[in-house]
Amino acid sequence: ELYRTYVVDRRVISFGDFVRRSTSASADMFKLTGRGYLRPGYFADVLILDRARYRPRATYVDPKQLSEGVRTLIVNGKVEVDGYRMTGVAAGRALLRTPKAYCPA
């Protein structure tokens with residue numbers, strides 16, 4: 001787990017760099033237009049977390065595990081987590097990516 005190992009335990013990556021890699025850098029790498037930044041006209045995805053309580057729990061085997069310490073989560077402008085509790089709103093959607101002809105993925 002990137003956060004626990006490299007940000008908290010080893011302190012190799014700063015918290016700010018972790019956030020950038022998880023947001024704008026990922027959106028830029030995958031060419032996700034309108035995502036990854038807080039800008040007018042972009043999708044409003046915002047995470048407010050308690051750094052002392054934050055623990056990602058999802059894995060490749062079990063990707064639906066929710067992280068601990070998420071105080072508020074806003075996806076596409078709708079509140080999905082409020083006061084550490086799920087609201088029942090499901091505003092997210094799958095982002096489809098068309099592979100390039102030279103790319104086997």
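Good morning. A search of the whole structure, which is a predicted model, finds three salt bridges. I shall take these in turn and then move to the sheet.

Let me begin with helix 2, which spans residues 15-22. Here Asp17 forms a salt bridge with Arg20, and the closest N and O atoms are 3.0 Å apart. Both residues belong to helix 2, with a spacing of three residues, or about one turn of the helix.

Asp17 also takes part in a salt bridge with Arg21, where the closest N and O atoms are again 3.0 Å apart. How many residues separate Arg21 and Asp17 in helix 2? They are four residues apart, which means a separation of about one helical turn. Taken together, Asp17, Arg20 and Arg21 are linked in a network of salt bridges.

Next, the accessibility of these three side chains. Arg20 stands at 41% relative accessibility and counts as partly exposed. Arg21, with a relative accessible area of 39%, is partly exposed as well.

I turn now to the remaining pair. Asp45 forms a salt bridge with Arg35, and their closest N and O atoms lie 3.4 Å apart. Where do Asp45 and Arg35 lie? Each is in the loop between helix 3, residues 24-29, and strand 1, residues 46-49, so the pair ties together parts that are ten residues apart in sequence. Are these two residues buried or exposed, or in between? Asp45 is partly exposed, at a relative accessible area of 38%. Arg35, by contrast, has a relative accessible area of 11% and is therefore buried, as this value falls under 20%.

Four strands form an open sheet, arranged in the order 1-2-3-4 with antiparallel pairing. Which strands are at the edges? They are strand 1 and strand 4, the latter covering residues 85-86, and each of them pairs on one side only. Within the sheet, strand 2, residues 70-75, and strand 3, residues 78-82, pair in the antiparallel sense over four bridges. To give a residue-level example, Ile74 has Val79 in strand 3 as its bridge partner.

To close, I return to the salt bridges: the search of this structure finds three, and Asp17, Arg20 and Arg21 form a linked network. Thank you.

How values were computed:
Residues numbered from 1 in each chain as written. Predicted model: local features only at pLDDT ≥ 70, side-chain atom pairs only at ≥ 80, totals over all residues. Heavy atoms only, no water. Salt bridge = Lys/Arg side-chain N within 4 Å of Asp/Glu carboxyl O. Helix = DSSP H or I, 4+ residues; strand = E, 2+ residues; numbered from the N terminus. Buried < 20%, exposed > 50% of the residue type's maximum accessible area, 1.4 Å probe, protein only. Pairing = 2+ DSSP bridges.
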